[in-house]
Amino acid sequence: MNFTTTYSDILQRIQDLDPIRYGETRNYLTGDVSYLSPYISRGVISTKMVLEAMLAKGFQLEEIESLAKELCWRDYFQRVAQVKDVQEDLKFPQYDVLHDEIPSNIVSAETGIEGIDQAIRDLYTHGYMHNHARMYAASVVCNVAKSRWKLPSKWMYYHLLDGDFASNACSWQWVAGSNSSKKYYANQENINRYMSTHQHGTYMDRSYDSFESMSVPKELSITQVTSFPVKLPSQSTFNVNTNLPTYLYTYYNMDPTWHQGIDSNRILLLEPSLFEQYPVSDKCLDFLLKLRENIPGIQVYVGSFDELVHEYGLSNCVFKEHPLTKHFQGISEPRDWICPEVTGYYPSFFAYWKHVKKQLTSNLHEA
Ligand SMILES: Cc1cc2nc3c(=O)[nH]c(=O)nc-3n(C[C@H](O)[C@H](O)[C@H](O)COP(=O)(O)OP(=O)(O)OC[C@H]3O[C@@H](n4cnc5c(N)ncnc54)[C@H](O)[C@@H]3O)c2cc1C
């Protein structure tokens with residue numbers, strides 16, 4: 001698992017994606033998943049770019065529906081976060097919660113469930129976890145150890161190169177039953193199947209109907225509160241020309257093609273308040289700072305939006321719309337959506353997907 005930060009390599013990774021194999025194998029830990037999420041989450045590429053690249057290769061929407069749907073899950077969660085506070089229980093209060101902490105054996109990767117422990121060690125090493133491993137880990141934490149989802153989701157976000165405030169919170173809530181009609185469980189047989197492990201006799205080796213009534217296993221009973229230190233870079237020399245337009249990049253927008261070639265100030269704004277609310281590890285910050293190399297002339301400013309504009313007398317900064325930058329003033333530009341026509345809140349992904357698919361199909365027929 002190697003996450004290059006060179007733009008041409010990232011584009012090559014899109015070209016190398018086999019959407020048919022993806023659909024057949026994506027649920028397995030060793031399946032042909034794209035590993036594109038760190039680039040999508042950091043705004044280097046968009047879901048739309050990935051889908052368009054597959055269609056340009058001659059695939060029909062129907063045959064790559066599995067990939068298209070997953071890309072749309074991401075857009076869907078972004079739409080939810082435009083209108084809802086994803087940091088609060090979205091549909092129902094999470095029920096059967098014992099505490100607001102995280103099991104210590106999750107943090108130390110010693111749950112006793114081999115596949116999950118390996119996935120946590122990989123998360124610490126590579127900053128990535130397969131979707132099924134995320135679901136299994138979240139289910140063990142929220143539904144077996146009965147933790148509230150908030151602190152554990154923060155723990156996972158902290159370590160993920162693809163940490164995304166919307167996908168993360170909405171997915172944890174989906175597993176914990178506060179963003180879905182029931183809690184998600186996977187038993188040992190399911191875990192063995194998709195993670196290629198062969199464990200038996202664990203606390204997860206049970207029938208599905210016994211999960212709700214099980215008590216917290218001793219392996220998960222010790223819990224802790226974890227701190228998430230963030231080391232933002234120190235401010236280096238900084239120059240702006242107030243006669244030029246200013247493009248603001250953030251933790252969620254590192255698009256090298258954005259207004260490319262225009263003489264301008266390009267500033268990566270790292271707001272301490274954002275990282276206090278959504279802390280990230282050194283590995284995530286290193287990844288972000290390396291992505292900067294794809295954007296010529298970009299400078300880093302550590303401080304708030306207000307401090308930046310007042311200190312340097314900037315007006316009419318240009319930025320991409322995002323729920324976490326609602327306090328920015330200036331020219332807000334839309335993000336790239338697979339289906340910009342489908343906006344607003346849909347209570348279920350499938351209602352959203354139905355509209356997106358209809359619109360996409362009609363767009364493709366017209367093209
Ligand atoms: C508990 C939990 C926490 C999660 N936290 C995050 C997070 O912080 N950031 C994040 O980007 N994703 C998150 N996801 C969603 C998903 O796990 C990752 O997007 C996916 O595993 C990324 O790997 P990939 O690029 O190889 O995915 P692929 O399977 O190759 O999918 C291609 C793209 O589709 C999108 N996608 C795929 N699956 C999902 C999904 N279930 N939900 C939303 N988008 C999806 C992603 O943009 C991904 O890059 C979380 C899922 C769970 C269950």
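Which domains give residues to the shell around the ligand, and where does the ligand lie? In this predicted model, domain 1 (7-83 + 344-366) and domain 2 (102-224) both give residues to that shell, so the ligand lies between them.

## The protein as a whole

The secondary structure of this protein comes to 15 helices and 7 strands, and the chain is divided into domain 1 (7-83 + 344-366), domain 2 (102-224) and domain 3 (246-333). Taken along the principal axes, the C-alpha atoms fill a box of roughly 70 × 50 × 35 Å. A compact globule of 367 residues would have a radius of gyration near 21 Å, and because the protein has 21 Å, the value agrees with that expectation.

Of the 367 residues, 39% count as buried. When the contacts with a separation of 6 or more are considered, 69% of them are accounted for by residues 24 or more positions apart.

## The surroundings of the ligand

The ligand is surrounded by 28 residues, and the closest of these are S34, S37, N131, N168 and S171. The elements that give two or more residues to this shell are helix 3 (37-41), helix 5 (65-83), helix 8, helix 9 (150-159) and helix 10 (165-176). Sorted by class, the shell has 14 nonpolar, 8 polar and 6 charged residues.

Helix 5 has 19 residues and reaches 27 Å from its first C-alpha to its last, which is close to the 27 Å expected at 1.5 Å a residue. The buried residues of helix 5 are L67, A68, L71, C72, R74, D75, Y76, F77, Q78, R79, V80 and A81, a list that the reader can follow along the helix in the structure. These buried residues pack against helix 2, helix 3, helix 4 (47-56), helix 10 and helix 15 (349-366).

Helix 8, which spans residues 131-144, has 14 residues and reaches 19 Å from its first C-alpha to its last, close to the 20 Å expected at 1.5 Å a residue.

## Two residues with positive phi

Helix 8 is followed by K146, which has a positive phi of about 60° although it is not a glycine. K146 is found in the loop between helix 8 and helix 9, and because 19 other C-beta atoms lie within 10 Å, K146 is partly exposed.

The other residue is Y35, whose phi is near 55°, a positive value in a residue other than glycine. Y35 is found in the loop between helix 2 and helix 3, and with 18 C-beta neighbours inside 10 Å it counts as partly exposed.

## Where domain 2 meets domain 3

The centres of domain 2 and domain 3, taken over C-alpha atoms, are separated by 33 Å, and the contact between these domains involves 7 residues of domain 2 and 8 residues of domain 3. Helix 9 gives the most to the side of domain 2 that touches domain 3, with 3 residues. The residues on that side of domain 2 divide into 4 nonpolar, 3 polar and no charged.

## Two further positions

What surroundings does S264 have, and which residues does it touch? S264 lies in the loop between strand 3 (246-249) and strand 4 (265-270), and because 15 other C-beta atoms lie within 10 Å, S264 is partly exposed. Not counting residues up to four places away in sequence, S264 touches L244, P245, T246, Y247 and H259. The C-alpha atoms of S264 and I298 are separated by 9.6 Å, while the two residues are 34 residues apart along the chain.

E24, by contrast, is found in helix 2 (residues 19-25). Is E24 buried or exposed? A residue counts as exposed if 12 or fewer other C-beta atoms lie within 10 Å of its own, and because E24 has 12 C-beta neighbours inside 10 Å, E24 counts as exposed. The C-alpha atoms of E24 and I113, which are 89 residues apart along the chain, are separated by 26 Å.

Definitions and conventions
Residues numbered from 1 in each chain as written. Predicted model: local features only at pLDDT ≥ 70, side-chain atom pairs only at ≥ 80, totals over all residues. Helix = DSSP H or I, 4+ residues; strand = E, 2+ residues; numbered from the N terminus. Expected span 1.5 Å × (residues − 1). Near = placed C-beta within 6 Å. Nonpolar A, V, L, I, M, F, W, Y, C, P; charged D, E, K, R; others polar. Domains from an automatic or database assignment. Rg over C-alpha atoms; globule rule 2.2 N^0.38 Å. Buried ≥ 20, exposed ≤ 12 C-beta atoms within 10 Å, placed from the backbone. Contact = placed C-beta atoms within 7 Å.
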